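Have the sequence and the 3D view open as you read.

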Amino acid sequence: MEELESIVEPEWLDWYRLTPQERWAESERLWISYLAMGGSLDPEPDSQSPFYDPETPCAVPADGRPGVRVLRRGGV
Amino acid sequence: MGGQACVFYGAAEFSRDTDLMILADAANLERLQEALDELQAVRIAVPPFEARWLERGLSVHFRCSTGEAAGMRLDVMSKMRGVAPFPDLWSRRTVLEIAGTEIDVLSIADLVRAKKTQRDKDWPMLSRLLEADFAARRSLDPDGARVEFWLRELRTPALLIQLAAKHPELTRRVVTFRPLLSLALAGDEIGLRKALRNEEDAEREADRVYWEPLKRELERLRGAERAQK
């Protein structure tokens with residue numbers, strides 16, 4: 001089947017072609033960067049989750065944490 | 001069985017917690033409690049860590065507070081809507097080796113079933129998981145069972161049409177279980193896209209209905225815990 005290449009975006013194909021171990025390693029690298037930028041380990045608020053509790057405090061955004069200085073803030 | 005399993009199988013998810021599917025028997029819960037104690041894991045939400053809640057289909061949520069695991073979230077569950085009981089899941093699990101450690105992961109077919117939830121974020125993940133499986137195995141002369149799995153589960157219209165064209169007899173047999181495959185046989189991509197959307201909507205609605213009484217139970221448990229504090 002030639003099809004997959006014409007249907008799926010190249011960056012996805014590249015990701016699919018990695019072995020599970022390679023994907024795990026890539027994911028670990030992403031984690032290190034995420035944590036270095038002050039990323040939270042709390043899950044993002046998900047109002048569609050059956051376990052969502054609006055009264056549970058949310059994680060502080062990374063740009064609101066001590067040690068992270070925002071040099072330029074984008075608009076919305 | 002959550003985001004990490006998706007990464008193993010080829011989807012890309014940045015998951016901030018670890019989801020564990022367990023057998024909720026007394027001996028196993030005791031072993032798990034010992035492991036949680038080692039990680040200094042604290043339960044951070046209802047329900048309590050008891051077999052009866054796990055057996056009802058509720059997850060128990062923990063946060064670890066020691067060593068490299070500090071801050072990590074752990075969610076534990078033992079039953080999911082539309083997914084086989086634990087012994088079946090265990091018997092067909094995938095075992096991967098990462099850095100010398102063996103990791104037991106839900107089979108791709110079970111993971112796909114588990115991801116059919118009411119949440120927006122799970123549906124693109126499903127498409128990716130199935131495309132990744134297709135990409136990995138299409139050149140390996142897949143057997144009938146694998147092709148049937150794709151016919152039953154793939155969510156990419158163009159791939160379904162191509163698969164149906166290549167395996168028309170099998171597709172006609174599977175139409176009984178997945179009627180939208182008749183559109184794949186007819187090469188009707190627009191119709192197929194719409195039918196896939198309807199299929200998704202029906203699954204999401206079924207998941208909402210399944211969770212309605214459980215959400216009420218969670219609300220009751222939250223109220224009781226807050227009243228105690």
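Leaving aside its neighbours within four places in sequence, which residues is L36(B) in contact with?

L36(B) is in contact with A41(B), F49(B), F62(B) and L74(B), leaving aside neighbours within four places in sequence. The structure is a predicted model, and every value here is computed from it.

L36(B) is found in helix α2 of chain B. Its relative accessible area is 1%. Buried means under 20%, so L36(B) is buried. C64(B) lies 28 residues apart from L36(B) along the chain. Their C-alpha atoms are separated by 7.7 Å.

## Chain A

Chain A holds 3 helices and 0 strands. From the N terminus on, its elements run α-α-α. The chain has 76 residues, and buried residues make up 26% of them.

How confident is the prediction here? Chain A averages a pLDDT of 80. In this chain, 78% of the residues score at least 70. Among its elements, helix α1 (residues 3-7) has the lowest mean pLDDT, 81. Helix α2 (residues 10-17) of chain A has the highest, 90.

The largest nonpolar core has 55 residues. Which of them touch the most other members? They are Y16(A), M80(B), L154(B) and L160(B). The largest share of this core comes from α6(B), with 8 residues. In soluble globular proteins, nonpolar side chains tend to be buried together.

Take M80(B) from the largest core. M80(B) is in contact with M1(B), M21(B), L106(B), A114(B) and Y210(B), leaving aside its neighbours within four places in sequence.

## Helix α6 of chain B

Helix α6 of chain B covers residues 122-137, 16 residues in total. From its first C-alpha to its last, the helix reaches 23 Å. That is close to the 22 Å expected at 1.5 Å a residue. Is α6(B) mostly covered or mostly open? Mostly covered: 12 of its 16 residues are buried. The buried residues include W123(B), M125(B), L126(B), L129(B), L130(B) and F134(B). D122(B), S127(B), E131(B) and D133(B) are also on the buried list.

E131(B) lies in this helix. Why does E131(B) count as buried? Its relative accessibility is 6%, and the cut-off for buried is under 20%. Not counting residues up to four places away in sequence, E131(B) touches V8(A) and Y16(A) in chain A. In chain B, E131(B) touches L154(B), T156(B) and L159(B).

## Where α8 and α11 cross

Helix α8 (residues 157-166) and helix α11 (residues 189-228) belong to chain B. Their axes come within 9 Å and cross at roughly 115°. The crossing is right-handed. On the α8(B) side, P157(B), A158(B), L160(B) and I161(B) take part in the meeting. On the α11(B) side, the residues are E189(B), L192(B), R193(B) and L196(B).

H167(B) lies in the loop between α8 and α9 (168-174) of chain B. At 24% relative accessibility, H167(B) counts as partly exposed. H167(B) and K79(B) are 88 residues apart in sequence. In space they are 35 Å apart, C-alpha to C-alpha.

## Backbone exceptions

Most residues other than glycine have a negative phi, and most peptide bonds are trans.

What is the phi of Q40(B)? It is near 50°, a positive value in a residue other than glycine. Q40(B) sits in the loop between α2 (26-38) and β2 of chain B. Its relative accessible area is 44%, so Q40(B) is partly exposed.

A99(B) also has a positive phi, of about 50°, although it is not a glycine. A99(B) lies in the loop between β5 (94-98) and β6 (101-105) of chain B. With a relative accessible area of 81%, A99(B) is exposed. The peptide bond from V46(B) to P47(B) is cis, with omega near 5°. P47(B) is found in the loop between β2 (42-43) and α3 (51-56) of chain B.

Technical notes: Residues numbered from 1 in each chain as written. Chains lettered and ligands numbered in written order. Heavy atoms only, no water. Helix = DSSP H or I, 4+ residues; strand = E, 2+ residues; numbered from the N terminus. Expected span 1.5 Å × (residues − 1). Buried < 20%, exposed > 50% of the residue type's maximum accessible area, 1.4 Å probe, protein only. pLDDT = per-residue confidence, 0-100. Core = buried A, V, L, I, M, F, W, Y, C linked by side-chain atoms within 4.5 Å. Contact = heavy atoms within 4.5 Å. Axes fitted to C-alpha atoms, helices over the stretch in contact; angles between N-to-C directions. Left-handed = near helix turned anticlockwise from the far one by under 90°.
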